[in-house]
Amino acid sequence: MRRPSLLAAAVSLAAAAAMTLGGAPSATASGGNFVALGDSYSSGVGSTDNYLNSCDQSTNAYPYLYQQANSPSSFSFEACTGATAADIESGQLSALNSGTTLVSLTDGGNDVGFSSVMESCVLGGDSTCTNAISSAQSKARSQLPGILDTLYSDIRSAAPNAHVVVLGYPEFYDLSRSSGCVGLDNTKRTALDKAADLLDSVISTEAAKYSGFTFADVRGYFAGHELCDGTQWMHAVTWPISDSYHPTADGQSGGYLPAFQAAL
């Protein structure tokens, strides 16, 4: 969003002060040069049946929708399905530079084994599911903070002037409406929602350590549109299987996009 001209001098002074302190400006930077990093939640898996490429990038994904509506000077769509922090480091950060003014990011789920957890919960019993979730939660507590610290630090180094918006993950199920809801039982649903909450907690804590980083919590935007609700913005078990437990096109436009915009 562009600042009114009367505030231009104040914004410039604030930016200069922030850089003097060794951090990036945290003011809104929605114009300029935009780079979208991350995993399948940013590439748009589940939002279309006609992807742009092998990274499953979608024109219904929130980064693409944002650039269509705001026409930044440049847009680099780097997010890729299945990406971990290591994949982002090796394959996506080269798009960043000192001229990058806005970065979006989702990461963390694949680093703690999201895919294998969902497979265990869909195919296995309650104990198999909860054991897999417990293992992922242990990784989220013990390993993920360090993984994210490295990633965030490298993003800041590669894009020293960018406002970085780190988006979280939604809860999958509306537990208040579990009665009569088909699919996974309430034990699995509850455990999965708690795991999503822990993941978001770790991500938000790490993002808060970095100047110019903003955590965007998407959970409130998905409230009333989770699995078990009447109008769902998440896929349950679907075909193709890769769409399972990912946002629909409505989840991207009604959940992720406004959460991203509110963080600017």
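Counting bonded cysteines along the chain, the disulfides pair up in the pattern 1-2, 3-4, 5-6. There are 3 of these links in the structure, a disulfide being a pair of cysteine sulfur atoms within 2.5 Å. Before we visit them, note that this is a predicted model, where local features need pLDDT of at least 70 and side-chain atom pairs pLDDT 80 or more, while totals for chains, interfaces and linings use all residues. Residues are numbered from 1 along each chain as its sequence is written, and side-chain values use heavy atoms, leaving out hydrogens and water.

Let us start with Cys 55 and Cys 80, whose sulfur atoms sit 2.1 Å apart. Helices (H or I, at least four residues) and strands (E, at least two) are DSSP runs, numbered from the N terminus. The link is left-handed, with -85 degrees about the S-S bond.

Next come Cys 121 and Cys 129, with 2.0 Å between their sulfur atoms. Their link is right-handed, at 80 degrees about the S-S bond. Cys 121 is buried at 0% relative accessibility, and Cys 129 is buried with a relative accessible area of 0%; buried means under 20% relative accessible area, exposed over 50% and partly exposed in between (1.4 Å probe, protein chains only).

The remaining link to visit joins Cys 181 to Cys 228. Cys 181 lies in the loop between strand S4 (163–167) and H8, and Cys 228 in the loop between helix H9 (219–222) and helix H10 (249–262), 47 residues apart. Both Cys 181 and Cys 228 are buried.

Now for the largest pocket, which holds about 610 Å³ of space. Of its 34 lining residues, Gly 113, Phe 114, Ser 115, Met 118 and Tyr 245 are the closest to its centre. A pocket here is an open set of points on a 1 Å grid over the protein atoms alone, where a 1.4 Å probe fits, with protein on both sides within 12 Å along at least five of seven lines; lining residues have an atom within 4 Å of a point. The volume is the space filled by probe spheres set on the points, which are joined across faces, edges and corners. H5 gives the largest share of the lining, 7 residues.
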